[in-house]
Amino acid sequence: MVHSIVPEGVLIGRARVPGFAHPRVITVRQGEVFDITAKGAATVRDVAESADPVGHVRNAKGTSLGKVEALLDNSWGGKVDASKPSLLSPIDLQAVKAAGVTFVVSLLERVIEEQARGDKGKSDALRKDILGLIGTDLSQLVPGSDAAMKVKETLISRGVWSQYLEVGIGPDAEIFTKCQPMASVGYGADVGILPISEWNNPEPELVMVVTSKGKIIGATLGNDVNLRDVEGRSALLLGKAKDNNASASLGPFVRLFDGEFTIETVKQADIALSVTGEDGFELTGVSNLSQISRSPESLVEASIGRHHQYADGLVLYTGTMFAPVKDRGGVGKGFTHKMGDKVSISTPSLGTLTNTVRLSTECPEWTYGASHLMRDLAKADLL
């Protein structure tokens with residue numbers, strides 16, 4: 001149902017529109033998509049940085065691009081009809097950052113990856129060993145607290161301390177670059193897995209939209225595609241594990257905070273994941289944001305402030321508690337993607353983001369960057 005894909009509320013996004021060289025800024029009104037691109041507000045970044053983003057989107061004059069169903073149907077990778085509008089990632093010039101190890105389940109799985117050195121065959125035994133050693137419900141620990149530091153000391157004495165436990169319960173959050181501005185993909189697009197990876201998974205996440213002043217103004221959904229074997233070999237391979245062609249998906253739209261939809265709404269959200277394979281395999285799971293160990297606000301504060309600025313704002317993946325362990329292809333083999341998997345991430349307040357898994361070398365290459373956008377906007381007299 002379309003209503004499960006596109007939420008209610010004040011929405012902003014981007015689309016390819018025939019006849020225009022550059023992406024267009026769009027919104028949805030009563031099931032119809034409107035092009036609201038205007039001089040001085042020709043990017044999502046410009047609208048986000050304006051004095052009143054919600055007021056701008058609500059009141060902007062627009063040109064109808066048709067029913068939202070039509071854009072959704074024409075946004076699937078490899079099947080896009082260039083003569084009709086199609087969706088893009090809902091952001092443009094913002095930095096794309098991500099926080100890691102913010103839930104206890106993903107924290108434990110990261111430790112397992114590290115201890116297994118990327119060998120998924122060893123993961124089950126290690127999972128039992130580490131859970132037995134910890135003996136504490138880490139979800140109740142406040143990162144950086146005295147209690148957390150005592151757990152850290154205990155684990156060090158037992159020889160199981162890990163850099164993932166450091167960022168999971170220590171004072172400092174893990175913040176990394178997920179992809180470059182303009183490189184994320186949107187609803188319907190293919191998402192990329194490096195050909196070398198044999199152990200990987202989706203990561204369904206809430207994504208905060210943040211201005212250059214550090215204000216959280218909205219949210220969207222994201223898939224922080226993860227290569228477990230690559231990062232498991234060494235955390236220094238984080239860039240190789242996380243930042244690849246088409247490895248960051250966002251969408252379907254950014255929903256702006258408007259009084260009814262707020263940061264408190266998303267902090268209680270259940271983020272549902274489903275994976276459906278061409279082989280008939282199905283996987284489902286849910287991440288509840290209420291179980292996050294670091295609040296979205298604290299993660300944003302760790303990302304932007306006097307210590308680090310983003311002149312065009314940023315979006316921040318806030319982490320996932322969902323680490324799939326359901327066997328696929330045999331007992332003890334765990335979960336990993338197969339090409340053609342359909343991955344859907346959803347929550348009622350933000351809709352549904354769906355993508356198809358391909359090799360990163362087979363996804364469309366990223367060729368349209370910030371310099372191309374600026375030149376095209378200048379030619380169109382929209383700057």
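This is a predicted model: local features need pLDDT of at least 70, side-chain atom pairs count only at pLDDT 80 or more; totals for chains, interfaces and linings use all residues.
Local features need pLDDT of at least 70, side-chain atom pairs count only at pLDDT 80 or more, and totals for chains, interfaces and linings use all residues. Residues are numbered from 1 along each chain as its sequence is written, and side-chain values use heavy atoms, with hydrogens and water left out.

**View A. An open sheet is built from 5 strands.** The order is β8-β18-β17-β14-β15, and the pairing is mixed. Strands are DSSP runs of E with at least two residues, numbered from the N terminus. Two strands pair if DSSP finds at least two bridges between them. Which strands stand at the edges? They are β8 (190–193) and β15 (282–288). Each has a single partner strand, so one side of each is left without a neighbour in the sheet. Neighbouring strands are turned by 25° against each other on average, direction ignored. The angles use axes, which are lines fitted to C-alpha atoms; in general they run from 0 to 180 degrees between N-to-C directions.

**View B. Strand β17 pairs with β14 and with β18.** β17 covers residues 342–347 and runs antiparallel to β14, residues 270–276. 5 bridges join these two strands. Thr276 stands opposite Lys342 in β17. β18, residues 351–359, also runs antiparallel to β17, with 6 bridges. Here Ile345 has Leu353 in β18 as its bridge partner. β17 and β18 form a hairpin, with 3 residues between them.

**View C. Phe257 and Phe261 form a tilted aromatic pair.** The whole structure holds 3 aromatic pairs. In this one, the ring centres are 5.3 Å apart and the planes are at 50°, so the pair is tilted. Rings of Phe, Tyr and Trp (its six-membered ring) pair if their centres lie within 6.5 Å; planes under 30 degrees apart count as stacked, over 60 as edge-to-face and the rest as tilted.

**View D. Charges sit over the rings of Phe20 and Phe281.** Arg24 lies over the face of Phe20, 3.8 Å from the ring centre. Lys326 lies over the face of Phe281, at 5.0 Å. The rule: NZ of Lys or CZ of Arg is within 6 Å of the ring centre and within 35 degrees of the ring normal.

Definitions and conventions
Helices (H or I, at least four residues) and strands (E, at least two) are DSSP runs, numbered from the N terminus.
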